[in-house]
Amino acid sequence: MQRAWSLVRETRLSPYTYDYDHAPAGWITLAGWAFPLPKQFEAFGNAINTGRFLMLLVHLASVVLLFEVTRRLSGTVLAATIAAFFFNLSPISVYYQRQVLLDNLMIFWMLLALYALLRRETTIRSAFAGGIALGIALITKENALFFAPTFMYLLYRRIQGSASRRFTRALWPFAAAAPVGAYVTYALLKNELMPSGLDFDLANPPADHVSLLYTLWWQINRSQGSLLNHHGLLYTSWLPRDSFLLLAGMATTVISLWWGMRKHRRDLGFFVAGTLGFGYAFYLLRGSVVLDFYITPLIPMFAMNIGMVTDRLLRRPVLRKVLGRASSKVRIAVPALLAVMLLASPSTGYVLTVNTEGRVAVADQYQHKLALTHMQLAQIAWVRKHVSPKARIIMDDDMWGELHDVHPVYPYAHSHWNASSDPALRDKLFRKRWQNVDYIIMSNKMRNAIHRNNGDGRENWILAALRNSERVWADIRGGIRLEIYRVNK
């Protein structure tokens, strides 16, 4: 939302030095959404909530697309219904679909690209639309690249025997490459495609200008160890939120991949669903840096595989033979019973859960008992009442829009990430001296992030400012701590 604000207010891709850490189609979309609204970024209260309303619309469209894609891959409404059920009601899906994430926008474009290739007849028009949609997905979030091999195979199978197959085979990759080419051309025109002297030394980043290819090389070489260790996100975040979807999704993805590879000529749908799930799972397991929300694109893939495999298992001849004439009714009754069990059992967290007092309560992944929004509003209200707009402030990202778009504006309020990495802030505004900081707007998550981000000592001066400050405001509820510190000089 910060970068979308910069596009609308400053016609720039970022309010800071744009270093190509992500392709810009996602926040261009957010800017296009906010610009025509009556109050723009405050249309739904604040910038983040305005972005979340778009996420709601995108999710609704993605549900329709997932339903249609699964129905066309499997040939049954039951498989599509099961996929839509998990994509809507899984606790881990509910948690991430509410957030303003590039991944949510990428999912929409990726499903749209699949939908275009799975139309009854793959025409030149649908192939072109599918290619463009995949290209936009790639410049929304680069990890869409791990879905691309499946799209290539699906296109190959869909145009076999078509009179226009040679033209379509060339048109689709051209359409997919066009948005990516526009992004590369932008970097080339700004002389930011290659690093100076073609120097890709990760220990010495280029100092004179940023580089698209250098940033890509740096991202490829990042590493944080295995995702499967007991301190990784799989065990600490993802499985606790929804172990059923993740375990069932992985199992059914393997089954889809097995069925699809054995009979990929006949079971194209299972091959496509299996490779989509496997390709992105490989991306998560490859050993590079993985953030909490990186699981988001895997959720619809797992939902699709669960739906298709469940439907196929209920069609097995053995089950038909045992159940006789009741098999068609059982195909509906078994998934319905499973859905009721998931929704009614507190152990799953789908609708009910066991709270910290040991009582059964309505599940809420956002802990509705903690009035976090009111805490944040109180924190901002204190800043507006007691802090001068000219103050130099270190803060977290979540209130950036509030302090930069709502009067009085705080032009010198910056996140600790940007203050420690953007040369214009680090070396000119703050000069890496704690004495140049007036206030620190703190949360417990921000405090942890500062320490995690300080492996090379880049935030030592911010920590020094914190040590030389006094707390002037605090609100502590549950495990959440919001604080404001005034630096003593």
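Because the model is predicted, local features are reported at pLDDT of at least 70 and side-chain atom pairs at pLDDT 80 or more, whereas totals for chains, interfaces and linings use all residues. Residues are numbered from 1 along each chain as its sequence is written, and side-chain values rest on heavy atoms, with hydrogens and water left out.

In soluble globular proteins, nonpolar side chains tend to be buried together. A nonpolar core is taken here as a set of buried Ala, Val, Leu, Ile, Met, Phe, Trp, Tyr and Cys residues joined through side-chain atoms within 4.5 Å; buried stands for under 20% relative accessible area, exposed for over 50%, and partly exposed for values in between, with a 1.4 Å probe and protein chains only. The largest such core comprises 71 residues, and those with the most contacts inside it are Phe86, Leu114, Phe151, Trp238 and Leu284. When residues up to four places away in sequence are not counted, Leu114 touches Val69, Phe151, Leu154, Val272 and Leu276, a contact being heavy atoms within 4.5 Å.

A pair of aromatic rings is described by the distance of the centres and the angle of the planes. Rings of Phe, Tyr and Trp (its six-membered ring) are paired if their centres lie within 6.5 Å, and planes under 30 degrees apart count as stacked, over 60 as edge-to-face and the rest as tilted. By this rule the count comes to 24 aromatic pairs. In one of them, the rings of Phe85 and Phe86 have centres 5.2 Å apart and planes at 85°, so the pair is edge-to-face. Phe85 is buried at a relative accessible area of 17%, and Phe86 is also buried, at 2%. Trp259 and Phe270 likewise form an edge-to-face pair, with 5.2 Å from centre to centre and 85° between the planes. Trp259 belongs to helix α11 (residues 233-262) and Phe270 to helix α12 (residues 268-285), so this pair ties together parts that are eleven residues apart in sequence; helices (H or I, at least four residues) and strands (E, at least two) are DSSP runs, numbered from the N terminus. Both partners are buried, Trp259 at 13% relative accessibility and Phe270 at 6%. Elsewhere, ring pairs link Phe146, Phe147, Tyr280, Phe282, Tyr283, Phe293 and Tyr294 into a cluster.

Pockets and cavities were located on a 1 Å grid over the protein atoms alone: a cavity is a set of points where a 1.4 Å probe fits but cannot get out, a pocket is an open set with protein on both sides within 12 Å along at least five of seven lines, and lining residues have an atom within 4 Å of a point. Grid points are joined across faces, edges and corners, and a volume is the space filled by probe spheres set on the points. The second largest pocket has a volume of about 630 Å³ and is lined by 23 residues, of which Glu142, Asn143, Leu145, Leu216 and Gln219 lie nearest its centre. Two or more residues of this lining come from each of α9 (165-189) and α10 (212-220), and α10 gives the most, with four. The lining divides into 14 nonpolar, four polar and five charged residues, where Ala, Val, Leu, Ile, Met, Phe, Trp, Tyr, Cys and Pro count as nonpolar, Asp, Glu, Lys and Arg as charged, and the others, Gly among them, as polar.

The structure holds one cavity of 30 Å³ or more, and the largest cavity contains about 40 Å³ of space. Its lining consists of Gln379, Asp396, Asp398, Met399, Ile441, Met442, Ser443 and Leu482, to which strand β5 (residues 439-443) gives the most, with three residues.

Most residues other than glycine have a negative phi, and most peptide bonds are trans. Tyr20, although not a glycine, has a positive phi of about 65°; Tyr20 is placed in the loop between α1 (2-10) and α2 (25-34) and is buried, at 0% relative accessible area. Asn191 also has a positive phi, near 60°, but is exposed, at 55%, in the loop between α9 and α10. A cis peptide bond, with omega about 0°, joins His407 and Pro408, and Pro408 lies in the loop between α17 (400-405) and β4 (413-415).
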